[in-house]
Structure formats: structure tokens, C-alpha cells
Amino acid sequence: MTTGAAPVAETSRPAPWVSRLAGTASLLRLAGRRDRMLVPSSVLGLVVLAVGSAQATLALYPTDAAASQGLGALLANPSVVALYGPLPSPTADALAVVKTVMMGAFLTAVLGFVVVRRHTRTEEDEGRFELLGSGVVGRWAPLVAAVALASAAVLAAGVLSGLGLAALGMDPTGSAAFAIAWLTAGLATVGVSAVVVQLASTSRGAAGLGFGFLAAAFAVRAAADSAASGTWTHALGWVSPLGWAGRVEPYGADRLWVLGMGLATLVGGVAAGVALLDRRDLGAGLLPVRVGPRRAAPALRGPLSLVVRLARGTVIGWGVGMVLGGVLIGSLLGAVADMGRDPAVRDLLEKLGGTTGAFEDVYVAAEVHVVGAAVAGMGVALVLRLVSAERTGLGELVLAAPTARARWFGAHVILPVVLSAGLMAVLGLAIGLVGPTVAPAAPGVGACVGACLAVLPAVWVVVGVATLLAGARPRLAPFAWGVLLVTFLVSEVGPLIDLPTWLLDLSPFTHPSSLPAGSFEVLPAVVLTAVAAALVALGVLAYRRRDAA
Amino acid sequence: MSVNDAITVTGLRKSFGRTAALDGLDLTVRAGEVHGFLGPNGAGKSTTLRILLGLLRPDAGRVTVLGRDPWRDATELHRHLAYVPGDVVLWPTLSGGETIDLLGRLRGGIDEGRRRDLVERFELDETKKGKAYSKGNRQKVALVAALASEAPLLVLDEPTAGLDPLMEEVFQRELSALRAAGRTTLLSSHILSEVERACDRVSIVRSGRVVDTGSLDDLRHLTRTRVHAVLRRPPTAAEASAWAGVHEVVLDGDALSCAVDAEHLGDLVAALGRRGVTGLTCRPPTLEELFLARYQSVGPARAVAEQPA
């Protein structure tokens, strides 16, 4: 150094942005290396979902005329509009992607959030950033690298799907619009994730905020899309990134400019994220860590009470979510009933052999089916906590005490089994209480609770798969997520694209009775429950024989 | 197996995939002793302890802890055992106090008086959440939970890693109290001064085998004593090196430094006496020297054997 000592003030000035980005390229390579399975397989799955279901639908309805018949059947089911958004145009192309636009936009958004969180808050939470941060790594570098990887994943999923659709001979502008629908939702969520991971001080907390945001975004657009065009509620769809995806309306209005909203959210989110980064300590969130009680509550005394105590946030969050979701589904029944009174729709339904009287029932059944899959996801997450406790060494603390392995393992199964039942009951209660206040023919409390509980055996089968994997092959346990995703997609999209029956039968979600629309069948419920019990039993047996640390 | 042995292990083997972590390990811990379990990183200490706890299943060998097979009777065994893992992880959302209570209750109860004393002695803030503790404080939480138990056997895996010297002193006193109370402790460590101070007997493990076991005195008998003498009529270096059992001779004017095999110490002292001793210090080998000697003597051969083919 030829200059004298730098003035003290020099050190408190923020580093130039170039130095705050130092190491970004290396971190991006590291993140890409760690995700070399996760990102390509997710992207591939999304592309297959879009292109595969479009191809199958086009094979079934090759012409616009044929499509409008299938379209009629779809339009007649109001749950489709709430779940998947409106149909942009009565063409074969639009029908070919009607389910995958929204479902894919949602999954792309999930992928974006998961990748950002994995490489930011999770790394920080587990202390690995400290190791990296002591190297020549700028303060912004981890976030920017994570955002870059997540954006690249979203971009690949959207662009490849759009290209694939165009390659099927579908309208090129519409295919570009399809890509833009996914990109808008995905990139906007990446931007929101950049902020979310600064707010919570734990990886799990960030997951709660992120998935909470996505659930809220979905609920808002479901409400908005169910409302008549031009109303205030319908306009509300413009505040939700998932609403933007729907309003691109591929193969219809083709609003390509909506991508601008996604890009603006991405840039704004990253700017806010780095601004928050500059203001907080490593490892800290916006809320300081609170102190806890000096002594444990008397109830905290065994494996089950420990597992329940650790899941307190999950239980409360999902309980609140179920009440809100039930209220939303119930309140939409008014719009559903209006649609059912439309003579044209009634006429169409009768032609198709539908049951006009059970209009509200069909809607409730479809919604409950989707919420059931989400609850199964919560169950998988709770079972996988056993595996993460094992990896971090927390399980060792419990197992070194006189705790039978089966009890420790069982606690991680009992909680999701019981909690899923409780949550579904709460959902049914909320729908049943709210629905009849807006639609006289809506199913009551008993019918709604019954409908929600009828899905449980399928939820338990998924929990059972996670249990078996956690017990026998803990390193493969995350594959339970894949099983959940594939079986759910098969049950949702499969009938539309005429998948073979044996394939549909493999998904637990195709078997439970569709209540309150149909009648309750005992056999599938008993068989599914027995399968779930067998999976759990095998998991416990395997766990007792393997190393547990 | 004697009824006085708390732990007996013979021919223990355990592999993870292709890596052999334990390669025929033998270990005996007598009831009531503090037994040091020494070895460098990756020697197989933690794997052994996890097998003793029944968390891992041995591939081969016999393991008996307090008269039980730890894999089969893990739950029953754990009623009589307290454990501090090497890398203490706490539940991020539970406070230290909650964790101590939970671990105590899982073991079937906690001595309230001892719990209070230990929290005070280790100066532990019980209200912090697991996430907020430093490594040393996490260690203290696990130590308080283990030491407050009534378990007759304590298994401690590098329990002082992360403790400051003051807290290490507190730990040493607790260890002495355990021995006085007739409880058995298996103390895995690579901090040799700690083991030297606290342990009755030690076992040195290397590459998944115990290469030496016994009391420190026993081990010292197998090793050379350092001798430093100032002489009126010093020998030449060559002369001194020719004396039976004398090694590493350094002559600096009239001062002679060397190492001598234990059985030839008497001969050396006699030889020095004939040359007019004006100053003499004899230092038994430190544990560190014992340790290094065990490693160097078996080192090169095994290092070659470990080379991939």
C-alpha cells in the first residue's frame, strides 16, 4: 500500500456493488451442481406435462368443432373455472392446455421458490454460508446466484414447453403466450421469494411464508376468475401473479405484454431483497429471535408430544389455511349456483347426461379433491422430518434415551394421519357453514365434512409411501414428493386425456368416492386404508432393522 | 466377560458402503472407571459409541453394554445410560431449559436439585432458543441433561469441544464427582490433557482398531522416558548412543538429552552416575508422546495399506 491509512469513515461506506457481487459466478456453478438432478428433472416433468397432455387432448379432439363439445363438458363443471381459470377461446388449441396453463404456472412458481430458498435461507440456516461468506464472496452473491438459477429453471420450463406446443403444430403466438403465462408466474414468484427469504430467520419459516403466499395468490385468482367479468372481484385477479398467468389467455387473447408484470416483480423483488440483505446480519430475519420458557410444559415428555410441539407452527398455519380455504370455497358456491341456473348450461349438461341437480355438489367434490392433495403434501413434509432429524443428529438425542425406535418413528406417522383428518374436517365444516348462506342448494355441514373425510384414505396412502421410504431408504425419501405430484396429476389430467384405466387406477386419488356429488363406496375406502396401513407397517419394520444415525 | 465390566466389545466391524469404519475393534470398560477413548478424527470413535448405543447395527463382533446387547435391548439399556453426542444439535424452536426437561423426562425423570446446580455451575442461560446457542452452549445443554440423570453409565463423545477453559474445569470436577459416586464414564476425546487428568484407563484407537489399552502407567512402561542430564565428564554422542536402550541422543557441551526404554532406565542412571551428574531431570512420556508413538510405530505400514490399489 502506497497510500496512508484510510480514513475511518471509509469502512462504514457500503462496498461498491461489484464487490457485493463477488463470487456470484462460482456460487451459481455450485448451486447448479447441487441441483443437477432437481432442476432438470423438474423442468422435464413440466414440459412433459404441458406437451404430453396437449398432444393427448388434440388426439381426442382434433378439430375445433370436436373441441367445443369437450369444452362444453368442461364449462359445465364450475370447479374447472375456479381451479384452472377461464377458457380463452373455444378452439382445440385452447382446450389442449386448459388445465396445464394454471397447474403448470403454479408448479413453475413452486419450483422457482424452492430453488431460491434452497440456496439462500436454507444454506444460511444450516450454517454453510458462514463457510462460504469467509471466502471472497460478496453479500449479494448468494441471493443473486440463487435468483439466476431459479430464473433459468423457470425460463427453461416455459420456453421449452412453448416450443414443444408449437412443434405439435399449435398456433405459434398462442404457444408463445403459453410460455409467457408460465414465465410470468414463475419469474414473479422468484422475485417475491427473494424478499421472503430475507424475512423469516429459518428455512422452515421461509417455506411457510412462501407457500402461504402461493396459496393466497391461488385463492385470490380462484375467487376473481369465478366472478363475472367487469366486477370488482374479477379485477382483483390482477394482484395475483397466478392471476396474471391465467389472464395471458393463451390461444385466445394472447396478452404477451403480461410478461412485463412478471419481469417488473422479479426486478423489484430482487432490488428489495438486496436492500434487506444490506440491512440485516447473517442468520437474522427481520424479527429478532425470541427467548423461550425456562422450563418445559408438563405435556412435553415423550416422542409424540415432542413431534407435535415441533409442528406447532405447521398445525396453526394449516388450521388457519383450512378455515380460509373452506370459507372461500363455500362463498364461491353463490357464483356456481348462478351458473347452474343458466338455461344454456343446463341444456348442455342434460345432453351430456349430467345431473343438473348436483351442480354445487360437483363443484365441492372437485375442490375437496385438490385440497386433499395439498394436505397429503403436508403429510409428506411431516414424515420427512424424521429423515431430517436423523441427518442433523436430533434423532440421536431422542434415541439415546429409553425411547423405542418404533415409538419415535410412529410419532412421525401418527401426527400427519391424525392432523390430516382434523384439517379435512375443519375444511368441510367451513364449506358446509358458509355454502348454504350464499346458495340454498349447497351441501350442508354433514355432507361437506363427509366429502372431506372421504378423501382421507388417498391422503394416507401418500403418507404411507413417504413412511415406507423414510423407514427403508431415507436417502430416497424425497421421492415421496414425486409420487404425490405424479399421482395427483394423473388423477386430475388423466381422465381428460384418456389415460389407460390401469394407469389411472395406480393413483390413490382416483379411488375415493366423489362426495357429495356421488354416493359413498365402502370398498375403495377400505382397500386404500389397508394399503396405507401396510405401507406404514413395512416402513416401521424396515426402520427397526436399519442404522438410525 | 467379567461382571465388573460395564462395556465389552470384541472383534467389532462396521462398514459404510466400501469404507470400513471399524476393523475388528476390541474394548473393555470396567465398572466405575473413567475410560478415555482416544484417537484422531475419523478413527472410528463416534461410530463405536453409536454402536454401543444401539443406533448403528454392527456388521460383526460381540458388543455387551451393562450386560445387554445394545442393538436388541436399546430401549431398556438407555434407562441406565446418558449420552452427549459429539456434535450437539438442538431443536431450533425449543429453549435450552425445555430441551433439558425433555431429555430428562425421556430418560424417566430428572434430579431437580442436580439440574439446578448444574445449570448454575455451567452458567447456562436456559431461556435461549436452540438456534441462538453457540457451540459451547449447546454442549452445555446436553451435558447438563446427561449429568443431571441418575444413569450409572455415561457415554460422552468429545464433550468439551467448544467449552471455554473455565467450563472445562467445571466439567473436570463433575467427572471426578462421577467417579467418586461409582458411576462409569466412557469419554471419547482427542484433547489429551483432559484424558490424562481424568481417566483411569485409556484405549487408543486408530483406523478402526484399538492399538493400545491400559492405565496410563501401563502405557508409559511401554514407552521411553526423556532424560536430560548435565555431566562433569560427558561421553561422546557415539558412546552414549551405544548404551543399551538409549535413543535420540543430543549432546550440547556438557548437557546430554536422550530417550530411554523403560527397562533400561536403571542402567542409564547408573552410567550417568559414573560420569558425575550435576543436574538430572527425568520426565515420563506425556500422553501426547504416547499417542504420537503409537501412531508413528504403526503409521507407515498402514498408510501404505490404505493406498488405493
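Leaving aside residues up to four places away in sequence, A:Ser161 touches A:Leu46, A:Val47, A:Ala50, A:Val51, A:Ala156, A:Phe178 and A:Trp182, where contact means heavy atoms within 4.5 Å. The residue sits in helix α11 of chain A, which covers residues 141-167; helices (H or I, at least four residues) and strands (E, at least two) are DSSP runs, numbered from the N terminus. A:Ser161 counts as buried because its relative accessible area is 0%, the classes being buried under 20% relative accessible area, exposed over 50% and partly exposed in between (1.4 Å probe, protein chains only).

## Basis of the model

This is a predicted model, in which local features need pLDDT of at least 70 and side-chain atom pairs count only at pLDDT 80 or more, while totals for chains, interfaces and linings use all residues. Residues are numbered from 1 along each chain as its sequence is written, chains are lettered from A and ligands numbered from 1 in the order in which they are written, and side-chain values use heavy atoms, with hydrogens and water left out.

## Chain B as a whole

Chain B contains 11 helices and 13 strands, and its C-alpha trace spans about 70 × 45 × 40 Å along the principal axes. Of the 309 residues in chain B, 50% are buried. When contacts in chain B between residues at least 6 apart in sequence are considered, 67% of them join residues at least 24 apart.

The accessible surface of chain B amounts to about 13500 Å², with 50% of it belonging to carbon and sulfur atoms; such areas come from the Shrake-Rupley method with a 1.4 Å probe, and for residues only the protein chains shown count as cover. Chain B carries 40 positive and 41 negative charges, whose mean positions are 3 Å apart. In this count Lys and Arg are positive and Asp and Glu negative, with His and the chain ends not counted, and each charge is placed at NZ of Lys, CZ of Arg, CG of Asp or CD of Glu.

## Nonpolar cores

The largest nonpolar core has 142 residues, and those with the most contacts inside it are A:Trp408, A:Leu427, B:Ile7, B:Trp91 and B:Phe122. Helix α20 of chain A (residues 359-392) gives the largest share of this core, 16 residues. A nonpolar core is here a set of buried Ala, Val, Leu, Ile, Met, Phe, Trp, Tyr and Cys residues joined through side-chain atoms within 4.5 Å. A second, separate core of 67 residues includes A:Val98, A:Val154, A:Leu187 and A:Val270.

Which residues does B:Phe122 touch, not counting residues up to four places away in sequence? The partners of B:Phe122 are B:Lys140, B:Leu143, B:Val144, B:Leu147, B:Met167, B:Val170, B:Phe171 and B:Glu174.

## The contact between the chains

Chain B and chain A bury about 3500 Å² between them, and 58% of this lies on carbon and sulfur atoms; buried area is the accessible area (1.4 Å probe) that two parts lose on being put together, summed over both. The contact takes 36 residues from chain B and 39 residues from chain A. B:Trp91, B:Arg105 and B:Leu106 supply 20% of the area that chain B buries against chain A, more than any other three residues. B:Trp91 is also among the residues with the most contacts inside the largest nonpolar core.

## Residues in loops

A:Asp254 is placed in the loop between α15 (241-247) and α16 (259-277) of chain A, and A:Asp254 counts as buried because its relative accessible area is 16%. B:Leu66 belongs to the loop between β4 (60-65) and α2 (74-78) of chain B, and B:Leu66 is partly exposed, with a relative accessible area of 27%.

B:Arg233 is in the loop between β10 (225-231) and α9 (237-242) of chain B, and with a relative accessible area of 46% B:Arg233 is partly exposed. Beyond residues up to four places away in sequence, B:Arg233 touches B:Arg274, B:Arg275 and B:Gly276. The C-alpha atoms of B:Arg233 and B:Val277 are separated by 8.6 Å, although the two residues are 44 residues apart along the chain.

## Two helix residues of chain A

A:Ala59 is found in helix α4 (residues 38-60) of chain A and is exposed, at 62% relative accessibility. A:Leu538, in helix α27 (residues 522-545) of chain A, is partly exposed at 47% relative accessibility.
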